[in-house]
Amino acid sequence: MLTGRSPSPPSSDRVRPDVAVVGAGPIGLAIAWRCAARGLRVVVHDPAPGSGASAVAAGMLSPVAEAYFGERQLTGLLLASAARWPAFADELTEASGAELGHRTEGTLMVGLTADDLAEARRLWAYQQGLGLPVTPLRPTELRDREPALAPRVRGGALAPTDHQVDPRLLVPALRTAAQRAGAMLVPRAVRHLSEVDARVTVVAAGCGAATLTGLPVRPVKGQILRLRAPGVAAPGFRHVIRGYADGEQVYLVPRADGEVVLGATVEERSDTTVTAGAVLRLLRAGVDLLPELAEYDLVETVAGLRPGTPDNAPILGPLPDRPDVLAATGHHRHGIVLTPVTADLIADLATTGVADPLLTPFRPGRFTGAEPGPGAADPTR
């Protein structure tokens, strides 16, 4: 167990860190920030901070729209983290002096065709059954909120508590906050955990956690597009749009600077090649929902690798055979929304040695049968 002390960065390389974080994406940097703010000596290892999945991510904070069948405990974790985001964003902005692109207009979920709407309504009914804030809207009500939506859209729903943040602003802000709190960044890769000397090691290396820990983390490819409204105008819509368009699921995330993020594919592949077919499908679905996108500039096509797990839930907590090694990986589609709760839970564990009960369903031991997993008590699974 570690005990807190006043912040004091290592004075030399011979001082053993309290916490070594492997990986400088949003999860790793947020953990480093929280640990350093508690007075621990923290070192972060990463040759290219922020170059992983977060560089591609859209940044949706969507615990409601991402509440899927059979994932009730994961939904609970998403809700707990999303509830922390407003205070987390305010604290991070103050600590870093940077804006995060945190927006709270809410999310519209829409269906283009009758079949799309029927599929969407099935999920909305499940979400409403969990007590989540989902308000069905008629087509006229949708267009009252977003006039740019296509006249063909058959219906939708509002998730007012599903927000967004810009990951490309978030990561630099977290790096600044962590370093100001006393964390040191070491720009090198860690190939084996034996290369790290610290009282506690946190593996927040995304897909790289599989090699370091043996945990079942696999790459899940996602292709994404970035468009820009003509001139210097903001996009012609304010809400995040998540839609079904002729069976294709897409999301559109508007930024204040005119950018629109359009995504994303979900592919069981480990390459980062952008394919013409994926670009075609995403653009077709996006333009079907918001016709004005056809006039936007296409400024970036990119693919990234999400760290997926067998049950789609993150892996959080000590390795069964290495209590001094804490996993913070496997966040799949949810890395940005889960950043605050992951950072708090892992930092608390590194500081006190006591695991919060929220961690129990997500601990690494569930894959060895040592502990129940997040679907064990879920009757809908």
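Colleague: Let's start with the aromatics. How many aromatic pairs does the structure hold?

Modeller: To read any pair of aromatic rings, you describe it by the distance between the centres and the angle between the planes. What we have here is a predicted model, and it holds three aromatic pairs. Take Trp33 and Phe88: their ring centres are 5.7 Å apart and their planes sit at 65°, so this pair is edge-to-face. The pair links distant parts of the chain, with Trp33 in helix H1 (residues 26–37) and Phe88 in helix H2, 55 residues apart.

Colleague: And is Trp33 buried or exposed?

Modeller: Trp33 has a relative accessibility of 4%, so it counts as buried. Phe88 is buried too, with a relative accessible area of 2%.

Colleague: What kind of aromatic pair do Phe69 and Tyr126 form?

Modeller: A tilted one: the centres are 4.7 Å apart, with 40° between the planes. Here again the pair links distant parts of the chain, 57 residues apart: Phe69 is in the loop between strand S3 (60–61) and H2, while Tyr126 is in helix H3 (residues 114–129). Phe69 is partly exposed at 36% relative accessible area, whereas Tyr126 is buried at 10%.

Colleague: Which residues form one aromatic cluster?

Modeller: Trp33, Trp85 and Phe88. Arg34 lies over the face of Trp33, 4.6 Å from the ring centre. Over the face of Phe69 you'll find Arg122, at 4.5 Å from the ring centre.

Colleague: On to charge pairs. How many salt bridges does the structure hold?

Modeller: The idea is that side chains of opposite charge can pair when their charged atoms come close. In this structure there are 25 salt bridges. One of them joins the side chains of Arg84 and Asp344, at 2.9 Å from N to O. Arg84 belongs to helix H2 (residues 72–96) and Asp344 to helix H8 (residues 339–352), so the pair ties together parts that are 260 residues apart in sequence. Arg84 counts as partly exposed at 30% relative accessibility, and Asp344 counts as buried at 13%.

Colleague: What does Lys221 form a salt bridge with?

Modeller: With Asp271, and the closest N and O atoms are 2.6 Å apart. Lys221 lies in strand S10 (residues 218–228), and Asp271 lies in the loop between strand S13 (259–263) and helix H7 (276–289), so this pair ties together parts that are 50 residues apart in sequence. Check accessibility again: Lys221 counts as buried, at 0%, while Asp271 is partly exposed, with a relative accessible area of 21%.

Colleague: Which residues are linked in a network of salt bridges?

Modeller: Asp166, Arg168, Arg226, Arg255, Glu259 and Glu300. Within that set, Arg226 forms a salt bridge with Glu259, the closest N and O atoms being 3.6 Å apart. Arg226 lies in strand S10 and Glu259 in strand S13, so the pair ties together parts that are 33 residues apart in sequence. Both Arg226 and Glu259 are buried.

Colleague: Now a helix. Which residues of H3 are buried?

Modeller: An α-helix has 3.6 residues a turn, so residues three or four places apart point the same way. In H3, the buried residues are Asp116, Leu117, Ala120, Leu123, Trp124, Tyr126 and Gln127. What covers them includes H2, strand S4 (107–111), strand S6 (155–159) and strand S11 (240–245).

Colleague: How far does H3 reach from its first C-alpha to its last?

Modeller: It has 16 residues and reaches 22 Å, close to the 22 Å expected at 1.5 Å a residue. Just after H3, look at Gly131, which takes a positive phi of about 85°.

Colleague: Last one: what domains is the protein chain divided into?

Modeller: Domain 1 is 17–103 + 164–217 + 309–366, and domain 2 is 107–160 + 218–307. Their C-alpha centres lie 27 Å apart. For the contacts between them, 36 residues of domain 1 touch 33 residues of domain 2.

Conventions
Residues are numbered from 1 along each chain as its sequence is written. This is a predicted model: local features need pLDDT of at least 70, side-chain atom pairs count only at pLDDT 80 or more; totals for chains, interfaces and linings use all residues. Side-chain values use heavy atoms; hydrogens and water are left out. A salt bridge is a side-chain nitrogen of Lys or Arg within 4 Å of a carboxyl oxygen of Asp or Glu. Helices (H or I, at least four residues) and strands (E, at least two) are DSSP runs, numbered from the N terminus. Buried means under 20% relative accessible area, exposed over 50%, partly exposed in between (1.4 Å probe, protein chains only). Rings of Phe, Tyr and Trp (its six-membered ring) pair if their centres lie within 6.5 Å; planes under 30 degrees apart count as stacked, over 60 as edge-to-face and the rest as tilted. A charge sits over a ring if NZ of Lys or CZ of Arg is within 6 Å of the ring centre and within 35 degrees of the ring normal. The expected span of a helix is 1.5 Å times one less than its number of residues. Contact means heavy atoms within 4.5 Å. Domain bounds come from an automatic or database domain assignment.
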